[in-house]
Amino acid sequence: MSKISIVVPVYWNSDTLEMLYEDMKAKILDKLGDYEIVFVDDGSGDNSWEIMNKIRERDKNVVCTRLSRNFGEHAALLAGLSVCTGDCAVTKQADLQEDSTLILDMYESWKRGNKVVLAIRRSRDEGAVKKFFAGMYYRIVRKLINKDMPKGGCDCYLVDRQVIEVLEKMDEKNSSLTLQVMWLGFRSEKIYFDRKNREVGKSRWTFSKKFKLVVDSMMSFTYVPLRFMEVTGVLFGLFAIIGMISVIHEKLTEGTPILGYASLMCVLLFSSGLTLLMVGIIGEYVWRALEESRNRPPFVIDTVVKNDNVKENETDR
């Protein structure tokens, strides 16, 4: 009999964990057969760790994993995938915005031979501002990174054990796990669902984290920023040459004095700002190269607690 793992990254989710487990218990757990739930505490500052261990005491199939500090959702999911023992694993957010029955549909798709199952948002019951920024991100991804990214986006997915093993070998930092899963190219299927509005708790998905996701996605899966620098440099050089020829021609033919302090300063300030932008883009690539060369693990597992009362302390993956 096959086994499915449900990986739940946890970050300040003490107010939803009990409800999340009760919802899964009422809707899907008795229909899954052999299963395990892997909670990953990503350096939460509340009592999420205590609550997930209380859930573990009631359910022998629950595994509690704690990272040494906050590494981000990408690393937390990788940690959960490295700990899980299922033939396949599905990611599940702890904010109650995804219907738990979605896991049943994804599991059935896996049984039909699909090694990757993407849960696509058909609609979002959220505010206009959130919808706008989410839609803008996925438009950028479709235009510049991966044309197969669905319009509604994808945060939840099921992956086969073979896919998990490949993801662990990739061992990438400052990246997008969703785009990595889509990049692998295994046989996949899309399942659509309606995303609910968050009614309990406060989202920790801040603007700075969203901006980092955009930068990580751009730097890790496309050379568009480098191509932008190249094209901009060529165009700016052509405009400069045309401008110089125009000024010299006017001086020789009409005797116009070459003055224009204000226009000169505008060009100088614009070119300086453009140069700093280019240096910043190069710096992003250099930083990522440095991060990879250090060979530091993307996460550090502090403790893994299972119901056989075994505690594992690890220094890295």
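Where does Leu96 lie? Leu96 sits in the loop between β4 and α4 (102-111). Here are some notes to go with the model.

1. **Ground rules.** This is a predicted model, in which local features need pLDDT of at least 70 and side-chain atom pairs count only at pLDDT 80 or more, while totals for chains, interfaces and linings use all residues. Residues are numbered from 1 along each chain as its sequence is written, and side-chain values use heavy atoms, with hydrogens and water left out.

2. **Overall make-up.** The protein has 10 helices and 9 strands; these are DSSP runs numbered from the N terminus, helices being H or I with at least four residues and strands E with at least two. Of the 317 residues, 44% are buried. Buried means under 20% relative accessible area, exposed over 50%, and partly exposed in between, with a 1.4 Å probe and protein chains only. Among contacts (heavy atoms within 4.5 Å) between residues at least 6 apart in sequence, 79% join residues at least 24 apart.

3. Leu96 has a phi near 65°, a positive value in a residue other than glycine. With 24% relative accessibility, Leu96 counts as partly exposed. Trp12, which is not a glycine either, has a positive phi of about 55°. Trp12 lies in the loop between β1 (3-10) and α1, and its 30% relative accessibility makes it partly exposed.

4. **The nonpolar cores.** A nonpolar core here is a set of buried Ala, Val, Leu, Ile, Met, Phe, Trp, Tyr and Cys residues joined through side-chain atoms within 4.5 Å. The largest has 41 residues, and those with the most contacts inside it are Leu67, Leu81, Leu118, Tyr157, Leu167 and Phe299. Helix α3 (residues 73-83) supplies the largest share of this core, 7 residues. Apart from it lies another core, of 36 residues, including Ile6, Leu29, Val62 and Met106.

5. **Around Leu67.** Not counting residues up to four places away in sequence, Leu67 touches Val40, Asp41, Asp42, Ala76, Ala79, Phe299, Val300, Ile301 and Asp302.

6. **Thr91.** This residue belongs to strand β4 (residues 88-91). Thr91 counts as buried, at 2% relative accessibility. Leaving aside neighbours within four places in sequence, Thr91 is in contact with Val7, Leu77, Asp155, Cys156 and Tyr157.

7. **α1 against α2.** Helix α1 (residues 17-32) and helix α2 (residues 48-58) pack at about 30°, their axes 10 Å apart. Axes are lines fitted to C-alpha atoms, for helices over the stretch in contact, and angles run from 0 to 180 degrees between N-to-C directions. The two helices are therefore roughly parallel to each other; angles under 35 degrees count as roughly parallel, over 145 as roughly antiparallel, 65 to 115 as roughly perpendicular and the rest as oblique. Leu17, Glu18, Tyr21 and Glu22 of α1 meet Ser48, Ile51, Met52, Ile55 and Arg58 of α2. By class, that contact has 5 nonpolar, 1 polar and 3 charged residues. Ala, Val, Leu, Ile, Met, Phe, Trp, Tyr, Cys and Pro count as nonpolar, Asp, Glu, Lys and Arg as charged, and the others, Gly among them, as polar.

8. **α6 against α7.** The axes of helix α6 (residues 161-170) and helix α7 (residues 177-184) come within 11 Å and cross at roughly 120°, so α6 and α7 are oblique to each other. In α6, Val163, Val166, Leu167 and Met170 meet Leu177, Gln180, Val181, Trp183 and Leu184 in α7. This contact of α6 with α7 has 8 nonpolar, 1 polar and no charged residues.
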